[in-house]
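Hello,

Please find the structure below. My notes on what turned up follow it.

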Amino acid sequence: MIIFITGGVRSGKSSFAETIAVYYGGQTPLHYIATSARQDDEMNDRIKRHQEARRVSRYRWKTWEHLRNIHELEQSIEPNRVILLDCLTNLLTNELFHGWESKRKQWLELNTRMNIYKKIMDGISMLGKKNILIVVSNEVNYGLPINDSGTYFFAQLLGNLHQGLVQKSDWVYQVEQGLPILRKGPHELEKQSIVF
Amino acid sequence: MHFVTGGAFNGKAKWVMKSYGVTREDSAWFNGYESDDFDILSSEHALIVFEGLEHFVKHVIRENHSDPKEKLEQYLKTWHMWEQEATNRKLVLIGTDIGKGIVPINKEDRLWRDYTGWFYQDIVMVAKHVDVIWYGLSQNLK
């Protein structure tokens with residue numbers, strides 16, 4: 001089962017996602033896929049804070065620091081567990097800009113972008129097959145269009161991933177100011193592939 | 001008139017293609033992202049789709065009219081009249097919501113955002129149907 005949760009920055013989407021994780025899997029070890037790259041002290045502090053919060057919580061969290069290639073985790077997690085992926089925007093950033101120092105502007109190639117789309121969607125499908133996968137993502141596409149190519153293609157890919165996920169997911173929530181709005185429930189399962 | 005809006009890359013055009021059974025390749029589909037051909041009423045078709053309304057707004061602003069808002073209202077009036085002339089005519093307008101970000105630093109972008117927002121409000125008044133598309137899911141507002 002796949003549950004997809006989006007919302008703006010600091011909308012309370014992560015807390016909501018954790019509540020759902022506990023609801024479904026509070027009695028079992030909960031799996032957390034952490035996607036933030038440890039680039040600076042600010043990020044390190046945030047990671048530490050999140051880790052500490054999960055450590056002192058009443059539930060057993062197992063953290064996987066996995067910046068890319070989430071499909072690899074399928075081997076490591078036993079079935080019927082709850083997996084929380086937080087968040088898709090980080091994962092996409094890591095995949096799209098990986099190795100940019102040596103391979104400049106790889107995001108300009110449609111093929112590269114399609115492969116990344118497929119890799120992420122496949123990874124999500126794999127993890128959601130035997131487990132309850134909760135995917136958290138961010139709303140970013142509501143401002144003026146951005147001309148910088150990297151940002152433009154990031155926004156486009158993220159939008160496409162969100163469209164694909166909405167179709168693939170059993171439950172879709174949009175969180176506004178801490179309040180979840182149900183956008184899709186299991187009654188309207190409709191699965192289609194995304195056309196670029 | 002049917003107004004379809006929502007954020008960028010949310011599947012608005014895809015939704016219109018599916019709902020109306022048309023494609024971007026049709027001659028009745030005007031794409032504001034790829035061309036400056038905004039003479040949509042020159043088309044012979046009864047169903048016209050106009051995608052990228054926000055670019056049309058930018059285009060009108062750049063023409064330096066004394067009052068772009070009024071100019072846009074005139075366009076809307078013409079489109080509406082065209083639709084009224086025959087019962088089978090329909091105009092589907094697709095406009096990206098560009099108004100929910102940080103206030104832009106440069107003035108042209110600020111104006112672009114403002115005029116686009118006002119134009120969309122005017123369109124909503126005239127349109128018979130309004131849908132907001134959110135990653136492929138539609139929400140009917142009117």
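**Helix α1 of chain A**

Helix α1 of chain A (residues 13–25) has 13 residues and should span 18 Å at 1.5 Å a residue; its end C-alpha atoms are 18 Å apart, so the two agree. The expected span is 1.5 Å times one less than the number of residues. Helices (H or I, at least four residues) and strands (E, at least two) are DSSP runs, numbered from the N terminus.

This is a predicted model: local features need pLDDT of at least 70, side-chain atom pairs count only at pLDDT 80 or more, and totals for chains, interfaces and linings use all residues. Residues are numbered from 1 along each chain as its sequence is written, while chains are lettered from A and ligands numbered from 1 in the order in which they are written.

Lys13(A), Ala17(A), Glu18(A), Ala21(A) and Gly25(A) of α1(A) are buried. They cover an arc of only 135 degrees around the axis, so they sit on the same side of α1(A). The arc is that of the directions from the helix axis to the C-beta atoms. Ser15(A), Thr19(A) and Tyr23(A), on the other side, are exposed. Buried means 20 or more other C-beta atoms within 10 Å of the residue's own, exposed 12 or fewer, partly exposed in between, with C-beta atoms placed from the backbone. The buried residues of α1(A) pack against β1 (2–7), β2 (30–34), β4 (82–86), β5 and β6 (171–176) of chain A. Contact means C-beta atoms, placed from the backbone, within 7 Å.

**Glu139(A)**

Glu139(A) is in the loop between β5 (132–138) and α5 (149–168) of chain A. It counts as buried because it has 21 C-beta neighbours inside 10 Å. Leaving out residues up to four places away in sequence, Glu139(A) touches Thr6(A), Gly7(A) and Gly8(A).

**Chain B sheet**

Chain B has an open sheet of six strands, ordered β2-β3-β4-β1-β5-β6, with mixed pairing. Strands pair if DSSP finds at least two bridges between them. β2 (29–31) and β6 (137–140) of chain B are at the edges with a single partner strand each, so one side of each has no neighbour in the sheet. Strands β1 (residues 2–6) and β4 (residues 90–96) of chain B run parallel, joined by five bridges. Thr5(B) has Gly95(B) as its bridge partner in β4(B).

**Interface**

In the interface, 17 residues of chain B are in contact with 15 residues of chain A.

Best wishes

Terms used: Two residues are in contact if their C-beta atoms, placed from the backbone, lie within 7 Å.
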